[in-house]
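Thanks for coming, everyone. Please have a look at the model on the screen. I will walk through it briefly.

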Amino acid sequence: MKQTAGRDQLGTFAPEFAHLNDDILFGEVWDQEALSTKTKCMLTVTTLMAQGITDSSLLYHLQNAKKHGVTRAEIAALITHVTMYAGWPKGWAVFNLAKQVWTEDEEGAVTSPEGLSEDFPVGDPNTAYVKFFIGNSYLASLGDPQLGACNVTFEPGCRNNWHVHHKGGQVLICIAGEGWYQEWGKPVQKLTPGDVVSIAPEVKHWHGATKDSWFQHIALAVPAEGATNEWLEPVEDKDYLALA
């Protein structure tokens with residue numbers, strides 16, 4: 001996780017502290033693979049709440065938690081649980097911040113899947129790749145594993161990071177909802193059922209749901225000897241939310 005707050009605010013006054021904050025805490029500790037980023041976000045919110053820290057730092061971590069897939073229902077349950085151990089006033093304070101982040105109008109679609117395919121299974125939460133997605137996604141393998149075919153379901157607002165398929169490409173067959181596809185340096189493409197996207201090897205790209213709709217596509221891996229997938233940086237919120 002890239003962070004520059006230390007250098008931006010304390011770089012000249014306390015450069016060593018800025019280094020520890022930006023490079024060690026966010027650059028190394030947050031990059032540990034034993035815990036998912038979503039889990040780290042929830043642990044951080046819990047720790048700050050237990051200490052009674054309810055300033056801009058907690059607001060940042062609440063926003064980060066939402067960005068990495070923590071739903072309104074999950075954050076409400078987390079705050080309620082921690083309140084029983086950390087104290088009632090802390091619970092009220094954190095709920096007031098959380099309401100600024102998880103607004104009423106944007107959560108309804110996430111809690112009630114609509115318009116999904118009746119012909120293909122949604123599958124299980126995509127936990128194996130959660131650190132490469134913003135929001136919640138689900139994965140269902142289709143047929144023989146040798147086919148390299150699966151149905152990927154994205155909740156509204158969910159998208160994967162920029163990534164590149166090396167040697168072997170990928171084909172997306174859109175089956176339900178509305179989504180986006182974009183290649184590096186090119187305009188974004190709206191996807192609806194029936195659309196087919198052929199992704200050549202070595203092309204940097206991302207795909208996912210629109211912010212108001214669930215989205216499903218079948219992903220087909222194009223076989224190639226030594227094929228790999230390289231995951232890169234997330235799609236920035238400001239760029240994603242600007243899509244109409």
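**A lysine in a helix**

Let's start with lysine 40, which sits in helix H3, residues 37–50. Helices here are DSSP runs of H or I with at least four residues, strands are E runs of at least two, and both are numbered from the N terminus. Before I go on, a word on where this comes from. This is a predicted model: local features need pLDDT of at least 70, side-chain atom pairs count only at pLDDT 80 or more, and totals for chains, interfaces and linings use all residues. Residues are numbered from 1 along each chain as its sequence is written, and side-chain values use heavy atoms, with hydrogens and water left out.

Back to the lysine. Is lysine 40 buried or exposed? Lysine 40 is buried, because its relative accessible area is 8%. The cut-offs are these: buried is under 20% relative accessible area, exposed is over 50%, and partly exposed is in between, with a 1.4 Å probe and protein chains only. What does lysine 40 touch? Leaving out residues up to four places away in sequence, lysine 40 touches Val29, Trp30, Asp31, Gln32 and Leu35. Contact means heavy atoms within 4.5 Å. The side chain of lysine 40 also reaches the backbone oxygen of leucine 35, at 3.4 Å.

**An aspartate in a helix**

Now aspartate 22. It is found in helix H2, residues 15–25. Aspartate 22 has a relative accessible area of 3%, so it counts as buried. Its side chain makes a polar contact with the side chain of asparagine 21, at 2.8 Å. A polar contact is a pair of N or O atoms within 3.5 Å; within protein, one must be able to donate a hydrogen and the other to accept it, and residues adjacent in sequence count only if both atoms are side-chain atoms.

**Two loops**

Most residues other than glycine have a negative phi. Lysine 167 has a positive phi of about 70 degrees, and it is not a glycine. Where is lysine 167? Lysine 167 lies in the loop between strand S6 (163–166) and strand S7 (170–177). Lysine 167 is exposed, because its relative accessible area is 54%.

Glutamate 202 has a positive phi of about 70 degrees too, and it is not a glycine. Glutamate 202 is in the loop between strand S10 (196–199) and strand S11 (205–209). With a relative accessible area of 46%, glutamate 202 is partly exposed.

**A strand residue**

Next, threonine 228. It belongs to strand S13, residues 228–231. Threonine 228 counts as partly exposed, because its relative accessibility is 44%. Not counting residues up to four places away in sequence, threonine 228 touches Val164, His165 and His166. Serine 36 is 192 residues from threonine 228 along the chain, and their C-alpha atoms are separated by 22 Å.

**The whole protein**

Let's zoom out. The protein has 8 helices and 13 strands. Of its 244 residues, 40% count as buried. Along the principal axes, the C-alpha atoms fill a box of roughly 50 × 40 × 35 Å. Among contacts with a separation of 6 or more, 69% are between residues 24 or more positions apart.

That's my tour. Thank you.
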